[in-house]
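Visitor: I would like to learn how to read a few features in a structure. Could you walk me through them?

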Amino acid sequence: KDMTTLFKDGKPVEQKKDSNADGMVDVLTRFQHGNVISQDKDTNFDGKMDYYSRFDAMERIEEIKEDTGYSGKTDRIRRFEKGNITKVECDEDKDGFFETVSQYKKGKIHLQTKDENRDKKPEMSIWFNAKEEKQSVDIDANLDGKLDLWQFYEHDRIVRIEKDENNDGNVDLKIFFKNGVKEKILKDTDNDGYFEMTQLFNRPKWSMVTEMDVNKDQHSELIFYYQNTVLRKKEIDENWDHKLDYIEYYSETGQIIKSEECDECKDNLNLAWHYDEAENPIRAEKDSNGDGLMDVWFFYEKGKIKSVEEDTNGDGKPDVWENYDESEALIQRKKDINFDGIADT
């Protein structure tokens, strides 16, 4: 026999079933007034019950307790109301504490909490929308009882993270994502409520661009460009007039190789410096009349001026030459008067 049913007053009170014909009961069903009130199962046929279900007076499922790890201890409890699931409690690490609790509305999950440190204060709350897509996550990352990390999702894909890094109760870091990839970071570095630092990860050529709005006027005064974590370019608005005053360029090893600055100019950076591997100046170029073309060239040796060439007629070729000694004193000056490329005086 693979099933035995006991009756009382013509109604079943208990039913035992041997599903795999191994001589052991693996399904035990109990009745009350002829209705099923509980059913226990041995789902892995090891001779021990690991699935316990309870039913209401209308034979609708009320509770299911399971030993999913077959350890002899219940590690998952599912609760129902009128046959609809309302809560699931899980002991995922099988230590006897149910750290993960999922709550349902109309049969769909809408909130899941996790209490990994077992202090009965969930440090993580995961919220879901009507489509059971993850919508947001609230986290107490440092386990001090206060939320300090928030994650936001659209269609189960992360779109934003907010953090309170100094635990003062205010968000001071925001991370934005596009198609699941980090795109931008905003940071309040001095904790005054204003996000003066912006880091961009979507600029062509650059792995990261960092902008600093030092005076909080919605314009960046410092901009740093990186390639593979190495600073390759820096832009500076020194007087906060929304115009660049300096640009510095760096090698793959982080050494300055070129700089541009404004030397008695109005709108453009008219002086460019070039540096050797020791970051000493070796050459400089200047646009003295603001026409966008370099017309003065400075040459250096060991950091000292060696010679100067100047284009006075704007033809792109020098017509004045100056040489200097080791003390940087002028020792010779030549000039091409008729602009034929040959010094006349």
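Visitor: Is Arg118 buried, partly exposed or exposed?

Guide: Keep in mind that this is a predicted model. Arg118 has a value of 44%, so the residue is partly exposed.

Visitor: Which side chain does Arg118 meet in a salt bridge?

Guide: To find one, look for a side-chain nitrogen of Lys or Arg within 4 Å of a carboxyl oxygen of Asp or Glu. Here Arg118 meets Asp95, with 3.1 Å from N to O. Arg118 lies in the loop between β10 and β11, and Asp95 in the loop between β8 and β9, so the pair ties together parts that are 23 residues apart in sequence. Asp95 is partly exposed as well, because its relative accessibility is 36%.

Visitor: How many salt bridges are there by this rule?

Guide: The count comes to 23. One of them joins Glu322 and Arg333, whose closest N and O atoms are 2.9 Å apart. This pair links distant parts of the chain, with Glu322 in strand β27 and Arg333 in strand β28, eleven residues apart. Glu322 is buried at 15% relative accessible area, while Arg333 is partly exposed at 47%. Salt bridges can also share partners, and in this way Arg30, Asp40 and Arg54 form one network.

Visitor: What is the distance between the closest N and O atoms of Arg60 and Asp56?

Guide: In that salt bridge they are 2.9 Å apart.

Visitor: Let's turn to strands. In which sense do β24 and β25 pair?

Guide: Strands β24 (residues 281–286) and β25 (residues 296–301) pair in the antiparallel sense, over four bridges. One example to look up is Lys286, whose bridge partner in β25 is Val296. Strand β25 is also joined to β26 (residues 304–310), again running antiparallel, by six bridges. There Phe299 stands opposite Ser307 of β26.

Visitor: Which residue takes a positive phi in the hairpin of β25 and β26?

Guide: That is Lys302, with a phi near 55 degrees; the hairpin has two residues between the strands.

Definitions and conventions. Residues are numbered from 1 along each chain as its sequence is written. This is a predicted model: local features need pLDDT of at least 70, side-chain atom pairs count only at pLDDT 80 or more; totals for chains, interfaces and linings use all residues. Side-chain values use heavy atoms; hydrogens and water are left out. Two strands pair if DSSP finds at least two bridges between them. Buried means under 20% relative accessible area, exposed over 50%, partly exposed in between (1.4 Å probe, protein chains only).
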